[in-house]
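Hi everyone, thanks for coming.

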Amino acid sequence: MTRSRIVVVGGGITGLATAWYLRHGLDPERGDRGVVPEVTVLEASDRLGGKIAGATLEGTPLDVGADAFLARRPEAERLARRLGLGDDLVAPATGQVWLWVRGRLRPLPTGTVMGVPGDLRALARSGILTPTGLVRAGLEPLLPRRRRAGDRSVGEHVTRRFGADVTDVLVEPLLGGVYAGRADRLSLEAAAPAVADADRSRSLLAGMRAQTRQARGDDRPVFLTVAGGLGRMVDALADGLEDARTGAVVTGLAVADAGGVEVLLGDGSRIAADDVVLTVPAYAAAPLVAPVVPAAARLLAGIPYASVAVVSLAYPAGVADGFPRGSGMLVPPSEGRLVKAATWSSRKWPHLADRDRFLLRASVGRIDDRRWEDLDDTELTARVVAEIGEATGTHVAPVAGRVTRWERSLPQYEVGHARRVRDVRDAVRVRAPWLHVAGAAYDGVGLAPCVAQAEALAGGLTGDRTGRPRD
Ligand SMILES: Cc1cc2nc3c(=O)[nH]c(=O)nc-3n(C[C@H](O)[C@H](O)[C@H](O)COP(=O)(O)OP(=O)(O)OC[C@H]3O[C@@H](n4cnc5c(N)ncnc54)[C@H](O)[C@@H]3O)c2cc1C
């Protein structure tokens, strides 16, 4: 059945993309779409975009939230092209990443996926592991396989196969970068599905090797961004929507006596809807869902969130030569540093090169590392600058800096996450078929999986099942 009044709660990428596809259809070639639903987007804060946000540093527009999307899956790129931004998509100029391990920058070995090795020679060459750690990792193909049903943590699995050093210095920094999470808590199935897949081979090493070989044969860039900032996608999405409201805090959902649903707002007003799409973080969805599907609310409230901060720095252009080649560094938690990742933005992104400044973006914060929250912006910036100096040997004061704090911003896909999400969706389907949940809390934290959820929802709600969207 085609629904005609749809309220989307949350104006992040998931909410905006869902609303946009509901209005414009998944397939640009499709002519008559029948009834196009009326769509209202309600965003609590004073701006659209959620974790996509921009700022200007020394005259250059920069992303201070998400700054790129995965291009090895099609959804985010496809949306950018639909929005007319195809000519402004930019691929990284370099993919070389360093790990700051045992006091030195060492190259992230080629042939790893999420830090899990697929090439022992490259691992040995990188000098990342101690000789003992390397010998232990090399034993992996010889270890007996113990097939076990059910989910487990990434850390438990990788440590059992490759030893604790691989988990500590290779896997932790990668998981820290994407989830701000820890290997002993994150789910193998939900947070590292590529590793779970590889485990079906005769050894995990062989599975990882097969995956990286396949990836090498694919010459598409792994990531893309939009010159001028991802905020341009948000602006283009908003331009295509008739009714996207900011400052609209949704406080409740009520089933109306006359049928249909009412969305309750903080200012006391109500909006009638046939369907409601909730794209807010799980902790914000839980109280809204509680009166209608209490079981789903309890599950949603149990998804923890990590807080992080992004420190954007502009150095004098002359310092560029002091930074090692490549696009940046990752830091394992075992090093005890505040910085968990830093991108040499002017090196990585061609559109940020050749400026008068060398731009760098550092991030801090993990689910179990909140030290940065006690520091004010000046102290935090000073600590980050000092650590970058120590890692790179380039002790130069930046000419400008900016701190962006992201409280409770990254959902943790802990062991059992996929099951939890299935249970939430099943409970909602049975008790409130007019309610739909999507976003970073469910099927992937990145922009691409968020857009994938938007496509699926919009297709389902409009009966637009004529095939996948066309590129
Ligand atoms: C610092 C940082 C860097 C990142 N970098 C990348 C990256 O480079 N690439 C990548 O792919 N991913 C990245 N991510 C992850 C990705 O950006 C997010 O997971 C994704 O943008 C989340 O989108 P969303 O639509 O699910 O939710 P959000 O962006 O969180 O949007 C939800 C919206 O709901 C609103 N809301 C909450 N409660 C209510 C309410 N009661 N009523 C109305 N509105 C409400 C919020 O204000 C918010 O705007 C990053 C995340 C962070 C924090």
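I'll go through the domains, then the sheets, then the ligand shell.

Quick housekeeping first. This is a predicted model, so to speak about local features we need pLDDT of at least 70, side-chain atom pairs count only at pLDDT 80 or more, and totals for chains, interfaces and linings use all residues. Residues are numbered from 1 along each chain as its sequence is written.

Okay, domains. The domain assignment gives domain 1 (5-51 + 227-303 + 414-462), domain 2 (97-216) and domain 3 (305-411); such bounds come from an automatic or database assignment. The centres of domains 2 and 3, taken over C-alpha atoms, are 25 Å apart. And how many residues of domain 2 are in contact with domain 3? There are 17, meeting 21 residues of domain 3, where contact means C-beta atoms, placed from the backbone, within 7 Å. On the domain 2 side, strand E7 (97-101) and helix H6 (164-179) each give at least two residues. H6 has the largest share, with eight. Here helices (H or I, at least four residues) and strands (E, at least two) are DSSP runs, numbered from the N terminus.

Now the sheets. Five strands make an open, parallel sheet in the order E12-E2-E1-E16-E22; strands pair if DSSP finds at least two bridges between them. Strand E12 (244-245) and strand E22 (435-437) are at the edges with a single partner strand each, so one side of each has no neighbour in the sheet. Further in, strand E1 (residues 5-9) pairs with strand E2 (residues 38-42) over five bridges, and Ile6 has Val39 as its bridge partner in E2. Helix H1 packs on this sheet, touching E1, E2, E12 and strand E16 (275-278), and its direction makes about 170 degrees with that of E2. For that angle, axes are lines fitted to C-alpha atoms, for helices over the stretch in contact, and angles run from 0 to 180 degrees between N-to-C directions.

There's also an open sheet of three strands, E5-E11-E6, with antiparallel pairing. In it, Phe69 stands opposite Leu224 in E11.

Last stop, the ligand. Which residues are closest to the ligand? Of the 37 that surround it, those are Gly10, Gly12, Gly50, Gly439 and Gly446, counting a residue as near if its C-beta atom, placed from the backbone, lies within 6 Å. H1 comes back here: helix H1 (13-24) is one of the elements supplying at least two residues of this shell. Domain 1 and domain 3 each contribute at least three.

Definitions and conventions:
Two residues are in contact if their C-beta atoms, placed from the backbone, lie within 7 Å.
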